[in-house]
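Please look over this model before reading on. My comments are set out point by point.

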Amino acid sequence: MITQRVFRGLTFAIALPIVQIFSFIMAVGNDPRDLAIGIVNDEIGRCDHGKNLTNIWSDEVTCHFANLSCKFLQSFEDFLPLQEYYDSVLDASYDVQNGKLRGIIHFNQNFSKALQKRLEKSKNTKDSDLLASQFNVFLDMSDRPIALYLQKRMFDHFINTYENIMRDCKYSPKLTDPPIRFEEPIYGTTDLNFKDYMMPTFILSLIFLLANAISTPLIITERLEGVWERSIVQGVKTEEILLSHVIIQTVVIVIHTAVTTITFFFIWNLECKGSIFEAIVLIFLNGFDGLMYGFVISIMVDNHSLANYCSLGGFLPLILLNGCIWPLEGMPKALRWLSYVLPTTYSSISLRAIIYQGLSISNSQVYNGYLISIGWILLYFIITILGIRYKSL
């Protein structure tokens, strides 16, 4: 019976982090798909991309454009395959209000001709032609991540398509470049998504939660079943009982750390620019933080219901304040300083510095995370020892 219980416990310890990690990997940070957009094209109506409706030709004087709206719409098809055509913006707005569309793209009647005049006359272009040479995008901003995603993708595809038009006209494609240039990033890559930002904090929050979950009910269960009192009567010291639990549960934390590290760094191929050993130690320390936090709860309360309330009630503010969901810089300054002393906040900054910046433990941005983690472990351990002695009086 004991062997079966141990086997089930180890299976749970290995399977749970794998399920949690793959749920995160598959659900967070991927580009939205199957987004429907409304098209109101007053220039040509419905574009039939099976026919070459777009015309760009040059004579000895200038370059002529025709039906460029279709060329831009065709470039949007890789991320906006569901394009619904409407006769007016008002009709399309009705479907946006009903949740059928994510937004509307409206091309003016003289879009191509106005764009040609804008290119030819530059500063002498009339205001009416300037307005007609731009297409209007109305987005549903109630879903902000999707709206920002569409904004960025539309802008990038517009620039790429406009550059191709300049090449077809034998003009320099640099004419389309906005007067700002983002160079190669100092740290990270230009294709990092929100999943990459969340991943270090998620790893530490997960390992903290798993360790907390296994340690919270231990001492409560032993007290309710009388095991604790029988052990003391037989001459076992309370500190020895606690130490035995710490040693046994440390093995489980090692398993959690190993499973998390293997899944992220070796199966999912998350590149670690710094020392993988330093990252593993930091992950383990946060797991030990969660273990000791669970012991504090287990000592302070007398039943499982209250322990679950304390555990879950403390975990949600931890997630909200440690920068997992949103950057710390978005918080009020006083709350930001409070978040820095939480167990997983600065550790997340340190882990992100190790993974993406390649910094070592000699850097203050890294060793501060170690120091805060060790400090919380010592604080939880002291509180646990004092709580045990107080309840033994």
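1. Basis. This is a predicted model, in which local features need pLDDT of at least 70, side-chain atom pairs count only at pLDDT 80 or more, and totals for chains, interfaces and linings use all residues. Residues are numbered from 1 along each chain as its sequence is written, and side-chain values use heavy atoms, with hydrogens and water left out.

2. Overall form. The protein has 14 helices and six strands (DSSP runs, numbered from the N terminus: helices are H or I of at least four residues, strands E of at least two). Its radius of gyration is 30 Å, well over the 21 Å that the globule rule gives for 393 residues, so the protein is more spread out than a compact globule (taken over C-alpha atoms; the rule is 2.2 Å times the number of residues to the power 0.38). The C-alpha trace spans about 100 × 45 × 40 Å along its principal axes.

3. Annotated segments. An unreviewed UniProt entry lists "transmembrane region" for residues 6–28, 202–221, 241–267, 279–300, 306–325 and 367–388 (numbering as used here, feature names shortened; annotations may be inferred rather than shown by experiment). Residues 241–267 are 100% helix, with end C-alpha atoms 38 Å apart. Residues 279–300 are also 100% helix, and there the ends are 32 Å apart.

4. Helix pair. Which residues of helix 7 meet helix 9? Among them are Phe 202, Leu 210 and Glu 222; on the helix 9 side, His 245, Gln 249 and Phe 264 are included (contact means heavy atoms within 4.5 Å).
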